[in-house]
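Student: I would like to learn how to read strand pairing and surface patches from a model. Could we take one feature after another?

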Amino acid sequence: VQLQASGGGLVQPGGSLRLSCAASGNIFSINRMGWYRQAPGKQRELVATITSGGSIDYADSVKGRFTISGVNAKNTVYLQMNSLKSEDTAVYYCNADVLVIGPISLHDFWGQGTQVTVSS
């Protein structure tokens, strides 16, 4: 299973970006997908997750500004990021809990990371 993330870049404070992450491979189903981020010198932290049943969780720091969606359609998750702040600057990683085929078993996968820089 591979996770391909895209959509990062440089944006001014107050701006918006949309991240996408597509899962491909021997996928039976996806239980949960989400985004984590890691800023320089800091630990990786949860940004937002969404389950196949539609349950959503956000970090307090992004509530009201970020919106996660997707999962069931095309095994893809999106993160709409609005009102971006300098403290949102980090490498954003896609994560997925996937039931893989052959035999069916649950595994945790990570994407390669995409840089988000918020700066004037």
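Student: Which residue in β3 is the bridge partner of serine 6?

Tutor: Keep in mind that this is a predicted model. Two strands count as paired if at least two bridges are found between them. Here the bridge partner of serine 6 is serine 20 in β3, and β1 and β3 (residues 17–24) are joined by five bridges, the two strands running antiparallel.

Student: How does β3 continue into the sheet, and what is the order of the strands?

Tutor: Six bridges join β3 to β8, again with the strands antiparallel, and leucine 17 has methionine 81 of β8 as its bridge partner. Beyond that, β8 (residues 76–81) is linked to β7 by five bridges in an antiparallel arrangement, with glycine 70 opposite valine 77 of β8.

Student: Turning to the surface, which residues make the nonpolar patch, and is Phe28 buried or exposed?

Tutor: The patch, of about 310 Å², is made by Phe28, Ile101 and Ile104. Phenylalanine 28 lies in strand β4 (residues 27–38). A residue is called exposed when its relative accessible area is over 50%, and phenylalanine 28, with 51%, is therefore exposed.

Definitions and conventions. Residues numbered from 1 in each chain as written. Predicted model: local features only at pLDDT ≥ 70, side-chain atom pairs only at ≥ 80, totals over all residues. Heavy atoms only, no water. Helix = DSSP H or I, 4+ residues; strand = E, 2+ residues; numbered from the N terminus. Patch = residues over 30% accessible without salt bridge, like charges linked within 9 Å, V, L, I, M, F, W, Y side chains within 5 Å. Areas by Shrake-Rupley, 256 points an atom, 1.4 Å probe, with all protein chains shown as cover. Salt bridge = Lys/Arg side-chain N within 4 Å of Asp/Glu carboxyl O. Buried < 20%, exposed > 50% of the residue type's maximum accessible area, 1.4 Å probe, protein only.
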